[in-house]
Amino acid sequence: MDFLTHAHIEAFQALRNRLSDADRDRVDAASVEALDPARAAARHWNFELPAHAADAALGSDATDDMRRALIATWALEMPERVAAEDLPAEVMELYPWWLDRLSEFLSAAEGGYDRDHWAKDVRLVLVLSVPGARSQILDLWSRVGPRAVLLSGLEGHGWGSVLAYLKAQGWRRIWLQNHTESRHTEDFNEAGWDRTWVTSAAICKARPGVAGMMGASWFYDPQLEKISPRLAYLRLNPVKGGAFVIHQGPGEIHSQRSGATSPTRRALIESGEYIPRSWLLAWPRSTLIPWADRQKAKGAPSAD
Ligand SMILES: CC(C)(COP(=O)(O)OP(=O)(O)OC[C@H]1O[C@@H](n2cnc3c(N)ncnc32)[C@H](O)[C@@H]1OP(=O)(O)O)[C@@H](O)C(=O)NCCC(=O)NCCS
């Protein structure tokens with residue numbers, strides 16, 4: 001089956017055709033000029049830097065329609081880019097669904113382009129991040145620096161995690177990093193997360209230099225076992241399988257996110273009984289791959 005369907009190609013072309021000739025020329029120039037800076041920026045901890053490179057190439061007076069057309073232009077180039085990455089089947093089988101969502105989102109959008117969506121779409125079409133499940137995207141080029149790991153140990157959050165980090169040679173290797181896609185959270189559940197871990201393990205198998213998979217969030221916080229036990233699986237399942245956690249600490253953004261959808265957590269934050277804290281959860285390849293093999297032996301996670 002072709003990577004892009006006829007419907008995808010038509011939708012992406014239509015986004016380009018909406019522009020004037022002059023604006024389309026600017027988008028085409030930016031689609032070349034931004035490539036190297038965006039790729040170089042992908043290794044930085046700031047997830048949004050590739051999108052900043054695209055903004056710089058488009059120019060400060062660029063419109064959101066030009067941004068959407070740039071995503072469409074890069075989406076049309078995805079077949080070659082994806083083929084060059086030689087990604088495992090677990091990733092490839094997710095692409096048709098993600099491309100359907102992307103073309104629908106871009107075609108329906110009018111007005112503003114949310115900054116988080118723009119940053120994620122740049123990464124997706126440049127294959128700097130790849131689908132891990134329906135609600136999760138995986139960055140291919142992340143780092144876990146030693147400073148935060150050491151600090152977590154020194155602050156009394158456990159030396160076991162520091163040892164696990166050293167054992168995984170986590171400071172000198174690339175990590176995969178997950179991000180939650182707020183536009184489609186329908187598989188943000190235990191099965192969807194198992195699928196994310198299985199996809200991550202498949203990438204680790206295909207790329208021996210990758211240390212493992214990691215993510216950082218308020219939802220890896222041990223406090224959730226009491227506050228939102230429904231979400232405790234997010235930390236407990238990986239930790240049972242060999243993952244370790246690093247304390248990062250509180251912050252306004254973590255409080256905003258934790259309180260965004262849950263009246264219970266919002267009330268506890270407002271009363272001061274709960275201060276959301278971010279934790280980094282990292283699952284080294286040495287235990288992630290065997291865990292995923294056992295999952296697959298039990299029956300691979302379904303796409304639906
Ligand atoms: C991460 C996220 C997708 C998880 O959503 P979720 O699986 O629905 O879980 P939540 O605990 O947030 O649920 C919110 C509300 O939905 C309802 N709910 C969720 N799961 C439910 C279930 N199984 N049964 C009944 N009600 C349920 C409840 O009303 C719950 O509110 P409560 O905690 O007061 O009971 C969601 O919290 C979110 O979008 N957060 C903001 C963005 C974010 O944090 N992204 C991650 C950045 S690191």
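Two strands are taken to pair if DSSP finds at least two bridges between them. In this predicted model, strand β2 (residues 136-142) and strand β3 meet that description, pairing in the antiparallel sense over five bridges.

Strand β3 spans residues 174-180 and is mostly covered, with five of its seven residues buried. On another side of the pairing pattern, β3 is joined to strand β4 (residues 210-217) by three bridges, and these two strands run parallel.

| Strand paired with β3 | Sense | Bridges |
|---|---|---|
| β2 (residues 136-142) | antiparallel | five |
| β4 (residues 210-217) | parallel | three |

Two packed helices are described by the angle between their axes and the distance between the axes. Helix α5 (residues 64-76) packs against helix α9 (residues 115-125) at an angle of about 20°, and their axes are 9 Å apart. Because angles under 35 degrees count as roughly parallel, α5 is described as roughly parallel to α9, and α5 passes α9 in a left-handed crossing. From α5, the contact is made by Arg67, Ile71, Trp74 and Ala75, and these meet Trp118, Asp121, Val122 and Val125 of α9.

Notes:
Residues numbered from 1 in each chain as written. Predicted model: local features only at pLDDT ≥ 70, side-chain atom pairs only at ≥ 80, totals over all residues. Axes fitted to C-alpha atoms, helices over the stretch in contact; angles between N-to-C directions. Helix = DSSP H or I, 4+ residues; strand = E, 2+ residues; numbered from the N terminus. Parallel < 35°, antiparallel > 145°, perpendicular 65-115°, else oblique. Left-handed = near helix turned anticlockwise from the far one by under 90°. Contact = placed C-beta atoms within 7 Å. Buried ≥ 20, exposed ≤ 12 C-beta atoms within 10 Å, placed from the backbone.
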